[in-house]
Amino acid sequence: MLSLVVLTGLLAAPRAWAQGKRQIVQFTGIIASGDSLLGVAGASIYVPKAGRGTNSNAYGYFSMAVLAGDSIVVRSLGYRNQTIVIPADYQRQSFSVIISLKEDATVLPEVRVFPYTTEQAFKRAFLAMKPADERGSSAAENLNEDLMRKIFNSQPMGATANYRQTMSQQQYNFDRRMGTAPNPQSNNPLLNPFSWLQLIKQVKNGDFKRQSGNDY
């Protein structure tokens, strides 16, 4: 009889221990931003009581092992915290969710940084400050007229000035070839056919006779 009681107790002990053990659940999901369903990267998913957790990837996906009955906190900078509770009597091996985080805009208070312990000390130091005289300073030397003229005369042309000079020279050469710009032929009246034509017209019209006062 005693042996039967001991054997029954040994068989019942593992069953009672199994009933008190919580189910391990693979908790997976996607963390989205509001109603846009855009993944939130780097969000924190953790179980405060157990001290374990994980982070979402670049697409907002995460996966971690939890226990039935755990409370999982999801949080990310700029969003409100959200808590997901796994039911204590949950018997399945996986639990998948889509978590939509709501934006939480927080206005931080203004921070002023001063090199002194108090604002009054800073004001006293600022009012007592004596600025340096411009005479003899490097700023005054840089504005010296002779020095600025030397820099102006010795400074080479930049890329923009070189481009404009090249385009202007090309246009001038084109105008000279077309006869619309001054050239050696147009400047010399003996080589200019238009000057010869004008001279012939003046001779036919007798312009030179009337100007000199002679009839021949």
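Predicted model: local features only at pLDDT ≥ 70, side-chain atom pairs only at ≥ 80, totals over all residues.
Residues are numbered from 1 along each chain as its sequence is written, and side-chain values use heavy atoms, with hydrogens and water left out.

Let us start with the overall picture. The protein comes to 8 helices and 8 strands; helices (H or I, at least four residues) and strands (E, at least two) are DSSP runs, numbered from the N terminus. Of its 216 residues, 17% are buried, where buried means under 20% relative accessible area, exposed over 50% and partly exposed in between (1.4 Å probe, protein chains only). The protein exposes about 18,000 Å², with 57% of that supplied by carbon and sulfur atoms; these areas come from the Shrake-Rupley method with a 1.4 Å probe, and for residues only the protein chains shown count as cover. Among contacts (heavy atoms within 4.5 Å) with a separation of 6 or more, 47% link residues 24 or more positions apart.

Now to strand β1. Because 7 of its 10 residues are buried, β1 is largely enclosed by the rest of the structure. Its pairings are set out below; two strands pair if DSSP finds at least two bridges between them.

| Partner of β1 | Bridges | Direction |
|---|---|---|
| β8 | 8 bridges | parallel |
| β5 | 7 bridges | antiparallel |
| β2 (residues 38-39) | 2 bridges | antiparallel |

Individual residues show how these pairings line up. Towards β8, Gln 26 stands opposite Ser 94, and Gly 29 has Val 97 as its bridge partner. In β2, Leu 38 is the bridge partner of Ser 33. The hairpin of β1 and β2 has 4 residues between the strands, and Gly 34 there takes a positive phi near 60°.

What about the nonpolar interior? A nonpolar core is a set of buried Ala, Val, Leu, Ile, Met, Phe, Trp, Tyr and Cys residues joined through side-chain atoms within 4.5 Å. The largest one has 21 residues, and those touching the most other members are Phe 27, Ile 31, Ile 45, Val 66, Phe 95 and Ile 99. At least two residues of this core come from each of β1, β3 (44-47), β5 (61-67), β6 (71-75) and β8 (94-101), and β8 gives the most, with 4 residues.

Ile 30 counts as partly exposed because its relative accessibility is 38%. Together with Leu 37, Tyr 61 and Ile 98, Ile 30 forms a nonpolar surface patch with about 430 Å² of accessible area.

Finally, Arg 52 is found in strand β4 (residues 52-55) and is partly exposed, at a relative accessible area of 30%. Leaving aside neighbours within four places in sequence, its contacts include Tyr 46, Met 64, Val 66 and Asp 70. Arg 52 and Met 64 are 12 residues apart along the chain, and their C-alpha atoms are separated by 9.3 Å.

Notes: Patch = residues over 30% accessible without salt bridge, like charges linked within 9 Å, V, L, I, M, F, W, Y side chains within 5 Å. Salt bridge = Lys/Arg side-chain N within 4 Å of Asp/Glu carboxyl O.
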